[in-house]
Amino acid sequence: GISRFVIADFDTIEVGNFNRQACALIQHVGRRKDEVISERIKSINPEAQIRLYPQGIQRNDIVEFVNSIDIYLDGLDFFVFDLRVELFAEIRRQGKTAITVAPLGM
């Protein structure tokens with residue numbers, strides 16, 4: 001399976017996330033999403049390697065971020081067009097794969 005993750009998220013869990021984010025549980029409200037997701041991954045595979053970008057993906061991190069991944073699962077907020085365009089351009093330049101996984105709700 002997958003054992004190496006790079007997670008970029010600057011947000012915290014809110015009640016409004018419950019309908020579309022599997023890690024959003026009442027005991028996680030107010031906690032950083034990247035930390036909660038990391039804990040969930042480690043509960044499945046304690047040997048998983050996880051790198052966090054707690055500030056999210058920033059323009060000055062794009063090349064480094066893409067260098068560190070094999071496949072990008074795009075969960076950026078819908079209206080983050082400029083950053084998405086730059087990120088996808090770098091992914092293409094490096095010959096990597098991107099998959100959009102919009103959080104539409106469960």
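Tutor: Start with a term: a residue is buried under 20% relative accessible area, exposed over 50% and partly exposed in between, taken with a 1.4 Å probe and protein chains only. The model is predicted, so local features need pLDDT of at least 70 and side-chain atom pairs count only at pLDDT 80 or more, while totals for chains, interfaces and linings use all residues. Residues are numbered from 1 along each chain as its sequence is written, and side-chain values use heavy atoms, with hydrogens and water left out.

Student: OK. How many aromatic pairs does the structure hold?

Tutor: There are 4 aromatic pairs. Rings of Phe, Tyr and Trp (its six-membered ring) pair if their centres lie within 6.5 Å; planes under 30 degrees apart are stacked, over 60 edge-to-face, and the rest tilted. One of the pairs is Y53 with F65, which is edge-to-face, with 5.3 Å centre to centre and 80° between the planes.

Student: Where are Y53 and F65 in the chain?

Tutor: Y53 is in strand β2 (residues 49-53) and F65 in helix α2 (residues 62-67), so the pair links distant parts of the chain, 12 residues apart. Helices (H or I, at least four residues) and strands (E, at least two) are DSSP runs, numbered from the N terminus.

Student: Is Y53 buried or exposed?

Tutor: Y53 counts as buried because its relative accessible area is 3%. F65 is buried too, because its relative accessible area is 3%. F65 also forms an edge-to-face pair with Y72, at 6.0 Å centre to centre and 85° between the planes. Both F65 and Y72 are buried.

Student: Which residues do ring pairs link into a cluster?

Tutor: The cluster is made of Y53, F65, Y72 and F88.

Student: Change of topic. Which strands does β1 pair with, for example β2, and how do they run?

Tutor: β1 and β2 run parallel and are joined by 5 bridges. Two strands pair if DSSP finds at least two bridges between them. In β2, Y53 stands opposite A8.

Student: What do β1, α1 and β2 make?

Tutor: They make a right-handed β-α-β unit. Right-handed means that, with the strands pointing away from the viewer, the path from the first strand over the helix to the second runs clockwise.

Student: And what about β3, helix α3 and β4?

Tutor: β3, α3 (residues 81-93) and β4 also make a right-handed β-α-β unit. β3 runs parallel to β4 (residues 97-100), with 4 bridges joining them. I71 is opposite T97 in β4.

Student: What volume does the largest pocket have?

Tutor: Its volume is about 1,600 Å³. On a 1 Å grid over the protein atoms alone, a cavity is a set of points where a 1.4 Å probe fits but cannot get out, while a pocket is an open set with protein on both sides within 12 Å along at least five of seven lines; lining residues have an atom within 4 Å of a point. Grid points are joined across faces, edges and corners, and the volume is the space filled by probe spheres set on the points.

Student: Which elements each supply at least two residues of that lining?

Tutor: β1 (4-8), α1 (33-44) and β3 (71-74) each do. By class, the lining has 23 nonpolar, 8 polar and 9 charged residues. Ala, Val, Leu, Ile, Met, Phe, Trp, Tyr, Cys and Pro count as nonpolar, Asp, Glu, Lys and Arg as charged, and the others, Gly among them, as polar.

Student: Last bit. Where is V6?

Tutor: V6 is in strand β1. Because its relative accessibility is 21%, V6 counts as partly exposed. V6 and S38 are 32 residues apart in sequence, and their C-alpha atoms are 9.5 Å apart in space.

Student: And why does I2 count as exposed?

Tutor: Because I2 has 65% relative accessibility. I2 sits in the segment before β1.
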